[in-house]
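Subject: Structure handover, charged pairs

Hello,

Here is the structure I promised to pass on. Please open it first, then read the notes below.

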Amino acid sequence: INMDIWRAFELLNRRKWLILFSLVVTTAIAFGATRLIGSKWVATARITSPQALSNMASNTAGEQRSNTDGVTLKSMQSLYSAILLSSEVLTPAYQSVKEDLPKGINLTQNIEFELLGPQLYEIHFTSPSQEKSQLLVNALAQSFVDYNNNSNTAQIKKAVDDLKKELASESEKLENARKRYRDYAERNKIIASSAAQGTAALETIEGSKAKLNEISRELAAGNARQASLQGQLNELNVFLVNRPILNGPRASALAAELDRVSSELITMEARRGSAHPDVLALQGQRKDLEKRVRETQQIEDAIAIFGQKVSQRNEVQKNLTEVNARLAELNAQTGVLRGIISTAENSAVKARNLNDPYSSLANEVKAQEEVRANTLGRLTNAQKALDFAANQQPMVLLERASDTNPAIDTTRGRTLKLVGLSVICTLIGSCILVLGLDNIDRRIKNLGEAEQLLPTRILAAIPQPEGIVSYSDMAQVT
């Protein structure tokens, strides 16, 4: 821009009221826009679920351990977000605060579910009103917890009911199988059969093998303990080959003698001096006593350690004897059980070869009993789970939105920032617009511009008239 700086200031000063008016209008518009937009309050409620981690772990059994954490948490996030935005949760929540459920609005912009960990969650609700945001987030959290707890209990109760029906059906089938079994036995006057013998043999084999496995594990542990005790015993025997013997007085007696000689030496040095032959002789006697005290003390310590090692060896020998006796007993039991298993296997083979209708009926009864026992076990576990779910809720509302956990105004300070920004932008824009329009105007406005534009030197200039000038006035001036 070809413009003098002082002229620019002069131009801006002439247009100051226009610039000021632009600032006022822009500030009013910005302030009104912030009032129309309103504030955004975000309220938070926290939920904890002590059973979530174990439930998700059981649901993802068989997956790779390295993928469990990421996949499980992501699936929990998606699942709980979908539940929170479902009509089963939203409708009771809005009804509890006497609000109508918004229609045609994307609630995902106002409601957010955040997974802080496997056992801790947060629900966020955004609203222009602080009170409304806190009421609705508490209602949503309570509705979410109630829905989850009721759904969990309902699923377990349905499983219990299904298992009861299944158990009743299996019991009826078992009773029919037993009736056919009894009728056939009574009709054919059968007291005992190959099927009963085979069943007894199989039970004997299973029980004997189970005991044999227990004995094998105990034998392995016993052999390991035997080897350890034998190694300890060998080390102790090597240590106890040479027994230390103390010849002469004990260290305490020598220490008393040393004290006596030291006292006598001090007295004699005071009387006769350190160079006297008797003093030198007592000094040599004291050194000899000090050496004997040290040696005797070492021998006594070795004797004490020897006694401890002897006690340890006796204890190890006692334990080793007990272990050897137990191993001998287990080996004997192993031989007996193997003989029982061999005899029972022969009986089972003979009974299996007798393929008669009575044996088939017995096998049918046994199979039906196993099916019913399996169903009964599943029903017992399901009833325990139902009792646990009834006594302890799987999900708890940990912290509601309240005065201690208030909603946060995310738009705080926005009005001041927007108004300040609009003032700055308007001021700069107005100044640029005024200077730009003046630069576009190519008319000569003063003598300085004329000197810059004309190629020759200007000798004189007609002053600009002030006010309205007519032709008669111009004639008079001339």
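A salt bridge here is a side-chain nitrogen of Lys or Arg within 4 Å of a carboxyl oxygen of Asp or Glu. The model is predicted, so local features need pLDDT of at least 70 and side-chain atom pairs count only at pLDDT 80 or more, while totals for chains, interfaces and linings use all residues. Residues are numbered from 1 along each chain as its sequence is written, and side-chain values use heavy atoms, with hydrogens and water left out.

Now the findings.

The structure holds twelve salt bridges. One of them joins Arg-178 to Glu-369, with 3.0 Å between the closest N and O atoms. Arg-178 sits in helix H6 (residues 130-187) and Glu-369 in helix H10 (residues 357-391), so this pair ties together parts 191 residues apart in sequence. Helices are DSSP runs of H or I, at least four residues long, numbered from the N terminus. Both ends of the pair are partly exposed: Arg-178 has a relative accessible area of 31%, and Glu-369 has 35%. On this scale, buried means under 20% relative accessible area, exposed means over 50%, and partly exposed lies in between (1.4 Å probe, protein chains only).

Next, Arg-326. Its side chain meets that of Glu-218 in a salt bridge, at 2.9 Å from N to O. This pair also links distant parts of the chain: Arg-326 is in helix H9 (residues 277-353), Glu-218 is in helix H7 (residues 194-239), and they are 108 residues apart. Arg-326 is partly exposed at 31%. Glu-218 is partly exposed at 34%.

Arg-326 has another partner, Glu-329. Their closest N and O atoms are 3.2 Å apart, in a salt bridge. Both residues lie in helix H9, three residues apart, which is about one turn of the helix. Glu-329 is partly exposed too, with a relative accessible area of 39%.

There is also a network: salt bridges that share partners join Arg-46, Glu-122 and Glu-399.

What about a charged residue with no salt bridge? Glu-170, in helix H6, is buried and has none. The nearest side chain of opposite charge is Lys-173, 4.4 Å away. For charge, Lys and Arg count as positive, Asp and Glu as negative; His and the chain ends are not counted. Setting aside neighbours within four places in sequence, Glu-170 is in contact (heavy atoms within 4.5 Å) with Gln-368, Val-371, Arg-372 and Thr-375.

Best wishes

Conventions:
Helices (H or I, at least four residues) and strands (E, at least two) are DSSP runs, numbered from the N terminus.
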